[in-house]
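Some labels in a structure description rest on a cut-off. Here they are put to the test, one question at a time.

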Amino acid sequence: FFEKRKDERKMNIIMLGAQGTGKGTVAGLISENTGWPQISTGDIFRKNISEKTELGVEAEKYISKGNLVPDEITVPMVEDAKNGVILDGFPRTIEQAEKLDKILEKKGEKIDLVINLVTPKEEIIDRMLTRRVCTNPECKATYNIKLHPPVKEGICDKCGAPLKQRDDDSDPEAIKRRLEIYEEKTSPLVEYYKNKGVLRTETVSISINHMGKDVAEEVVRDIKK
Ligand code: AMP
């Protein structure tokens with residue numbers, strides 16, 4: 001009976017943190033362990049860009065420069081989120097957080113946990129430059145050629161498709177712009193969620209041997225307690 005109750009308890013989780021801190025990795029592992037779906041706005045955009053959909057063509061204008069995609073396009077992507085969701089890459093501004101609160105409120109739900117990942121800046125830039133993603137839009141696996149390389153160079157372990165560097169990771173101007181936007185628009189969310197009492201900050205750094213997979217393990221352990 002208690003086991004069943006535990007399994008039925010679902011949480012809405014947000015992944016917060018600058019680019020390259022491992023949000024996608026942590027979200028993916030928590031999703032695998034809980035069965036709760038991961039919604040990554042960045043992944044949805046990249047899939048649409050590779051399939052050249054209308055949404056993709058529009059979003060690419062912003063993404064290629066490292067800018068945020070306007071809310072009219074981005075907010076509807078999370079409107080259908082059901083109880084038990086791991087949001088990765090949304091919200092990215094106070095405005096988006098307030099809109100999300102309204103969406104959830106209408107369904108009688110709320111954000112239960114915000115995992116804020118913090119990584120030293122030099123490490124972040126290095127991690128963006130060494131990040132590789134699977135080109136298969138159905139797969140979206142992520143690697144790091146230094147820290148977490150695929151078994152066979154340039155090939156995805158999960159699906160065998162070629163790996164590539166994200167366009168916005170190979171352009172130094174786009175990297176710079178994304179980090180500026182993070183500081184200016186996204187970092188105020190740390191305070192926003194701290195005030196709501198749902199913030200959990202975790203340092204992810206090779207220097208303390210604490211990586212995304214460790215954070216995911218610890219969070220899953222606490223969720224299942
Ligand atoms: P990510 O994979 O999360 O780094 O997202 C890649 C890019 O998609 C970002 O640099 C933005 O241009 C865009 N994007 C993703 N999520 C959002 C969001 N919540 N609001 C606006 N733009 C977003």
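Q: Which element gives the largest share of the shell around the ligand in this predicted model?
A: Helix H3 does, with 4 residues. The shell counts 15 residues, and among those that come nearest are Thr41, Arg46 and Asn67.

Q: Which residues of H3 are buried, and what covers them?
A: Within H3 (residues 41-50), the buried ones are Thr41, Asp43, Phe45, Asn48 and Ile49. Their cover includes strand E2 (38-40), helix H4 (54-63), helix H5 (71-74) and strand E3 (85-88). Just after H3, lysine 52 takes a positive phi of about 55°.

Q: Why is aspartate 168 called buried?
A: Buried means under 20% relative accessible area. Aspartate 168 has 7% relative accessibility, so the label applies. This residue is found in helix H8 (residues 167-170).

Q: What does aspartate 168 touch beyond four places away in sequence?
A: Aspartate 168 touches Ile63, Ala174, Ile175 and Arg178. Separately, a polar contact of 3.0 Å joins its side chain to that of arginine 166.

Q: How do you know that E2 and E3 pair?
A: Pairing takes at least two bridges. E2 and E3 are joined by 3 bridges, so they pair, and they run parallel. Isoleucine 39 stands opposite leucine 87 in E3.

Q: What makes E2 and E8 the edge strands of the sheet?
A: The open sheet has 5 strands in the order E2-E3-E1-E4-E8, with parallel pairing. E2 and strand E8 (199-203) each pair on one side only. The twist averages 20° from one strand to the next.

Q: Which strands does helix H11 lie across?
A: Helix H11 (residues 212-223) lies across strand E1 (12-17), strand E4 (113-118) and E8. Relative to E8, helix H11 runs at about 150°.

Methods
Residues numbered from 1 in each chain as written. Predicted model: local features only at pLDDT ≥ 70, side-chain atom pairs only at ≥ 80, totals over all residues. Heavy atoms only, no water. Buried < 20%, exposed > 50% of the residue type's maximum accessible area, 1.4 Å probe, protein only. Helix = DSSP H or I, 4+ residues; strand = E, 2+ residues; numbered from the N terminus. Contact = heavy atoms within 4.5 Å. Axes fitted to C-alpha atoms, helices over the stretch in contact; angles between N-to-C directions. Near = heavy atom within 4 Å. Polar contact = N/O pair within 3.5 Å; in protein donor to acceptor, adjacent residues only side chain to side chain.
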